[in-house]
Amino acid sequence: MTKKLFIKTYGCQMNVYDSERMAGALAPHGYAATDRIEDADLVVLNTCHIREKAAEKVYSELGRVRLLRDQRRASGDDLTIAVAGCVAQAEGEAMLERAPFIDVVVGPQAYHRLPEMLARRGRTARGVVDTDFPLESKFDELPAALTPVGPSAFLTVQEGCDKFCTFCVVPYTRGAEASRPAAAILAEARQLLAQGVCEITLLGQNVNAYRGEGPDGRSWSLGRLIRALAELDGLARIRYTTSHPRDMEDELITAHRDVPQLMPFLHLPVQSGSDALLQAMNRKHGADDYLRLVDRLRAAKPDLALSSDFIVGFPGETDEDFQATLRLVEQVHYAQAFSFKYSPRPGTPASLMKKQVREAIKAERLAALQELLEAQRRSFDQQSIGTVMEVLIERDGRDVGHKAARSPWLQIVHLAGENLRVGDLCRVEITGANPRSLSARLLPSPTVQRGRAA
Ligand code: SAH
Ligand code: SF4
Ligand code: F3S
């Protein structure tokens, strides 16, 4: 008999990738994925611990899942509840104290043990917890993910972080930096291509710190890996995220110059424009280092667009520090960006710093920063009007015959095209900019179907 699995994913793209791998690991044990929680026999919440709000969301969702289980039990059925991801890793046993109805708590490095944990739960009175960092790599143990749903897929190449920014939980929840061997990554990429994927986003918490064993026995950098991936037949687009400015090596910058499949878009978080704050954050770079790096990247790839993460209201942030952030944004001109109010996280050095910034000031600064970033995003979209570009069809649009596609710079592009299929690459001219997307007209040049010439 088939059991139904519902996974709810919070947080970053690595959690999205991990959720697919968990579904792949549970499939041989009789679990089929469903997107209706009401039908589920097993609910997995794949959680995020990055800010307080993200972590607290999990407990409100758990409350709802528990009610669902009560209903199930009242009708003679049952429901198993598992918590995975970074909250599971950070809180471990403490989750069972706060929510004793949880069946399984599993940290990100132990997902290959999930089927065995579920079996063990059947024999124990209490929930089962595994937040080990096992010696064996989950990547070697986990079966492949289920067939990807679209033309674009994630592929984790590196996990963990050794940077220890003073505000951040990731080094504690994901552990030390570890890179997968290049051969395993190339094999997974080939499998994705065989399943119809033509765009791959390489993932890592600090992806450009990638140092994996190459098939030649040497240590490969991310730039080297990208060059090898670019040789695979049918891989039309390569992206990677998230990078640290300190790990942006020459070999990666020249890959942007030389590899046409590497998309001209880079998420390169800077967090702040103030040197004093960057130091207090332990970012290991100053504002000028970042600006010079951006110059070098743009010299190598003139149409490169940038995105970033920002934190406002980090402990000790003065008005002057914040003005420095606005100045940096003015200098870089971002195509898009994420910005957050600083959220003190348990166990991180910054949470213990004096001079925490008042909530009202955080809110004020966030609004000012977001206004500037939003204006830059709109101006970037405006500049696209009239240009010709190749877009990747991702899904059907709202109107009949319309499609939603993705530009090389990650913009959503709407166009009419009866005969286009999901996965096609086609040339368009951008005709307009809407609040959250672009409009385009299909050009009569040959469409490349599913990553291969038609
Ligand atoms: N390098 C990581 C960063 C993860 S966190 C990656 O792979 O994505 C994403 C962003 O969340 C960070 O860049 C930072 O801007 C923000 N962030 C992290 N800790 C935070 C905190 N305590 N409060 C507010 N924002 C935070
Ligand atoms: Fe967190 Fe800093 Fe590592 Fe990014 S580089 S994951 S912000 S510690
Ligand atoms: Fe969140 Fe963990 Fe990703 S804390 S951002 S899910 S690495």
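**Aromatic contacts and a parallel sheet**

The count of aromatic pairs comes to 4, where rings of Phe, Tyr and Trp (its six-membered ring) pair if their centres lie within 6.5 Å, and planes under 30 degrees apart count as stacked, over 60 as edge-to-face and the rest as tilted. The model is predicted, so local features need pLDDT of at least 70 and side-chain atom pairs count only at pLDDT 80 or more, while totals for chains, interfaces and linings use all residues. Residues are numbered from 1 along each chain as its sequence is written, chains are lettered from A and ligands numbered from 1 in the order in which they are written, and side-chain values use heavy atoms, with hydrogens and water left out.

One of the pairs is formed by Phe 167 and Phe 314, edge-to-face, at 6.3 Å centre to centre and with 85 degrees between the planes. Phe 167 lies in the loop between strand 8 (158–159) and helix 7 (170–173), and Phe 314 in the loop between strand 15 (305–312) and helix 13 (319–332), so this pair ties together parts that are 147 residues apart in sequence. Helices (H or I, at least four residues) and strands (E, at least two) are DSSP runs, numbered from the N terminus. Both Phe 167 and Phe 314 are buried, that is, under 20% relative accessible area, with exposed over 50% and partly exposed in between (1.4 Å probe, protein chains only).

Phe 314 also forms an edge-to-face pair with Tyr 342, at 5.5 Å centre to centre and 70 degrees between the planes. Tyr 342 is in the loop between strand 16 (336–341) and helix 14 (359–384), 28 residues apart from Phe 314. Tyr 342 is buried, as is Phe 314. Phe 167, Phe 314 and Tyr 342 form one aromatic cluster.

Rings also meet charges, a charge sitting over a ring if NZ of Lys or CZ of Arg is within 6 Å of the ring centre and within 35 degrees of the ring normal. Arg 51 lies over the face of Phe 340, 3.6 Å from the ring centre, and the charged end of Arg 224 sits over the ring of Trp 220, 4.1 Å from its centre.

Turning to the sheet, an open arrangement of 3 strands has the order 7-10-13 with parallel pairing, two strands pairing if DSSP finds at least two bridges between them. Strand 7 (152–156) and strand 13 (237–241) are the edge strands. Strand 7 is joined to strand 10 (residues 199–203) by 5 bridges, and Thr 156 stands opposite Leu 203 in strand 10.
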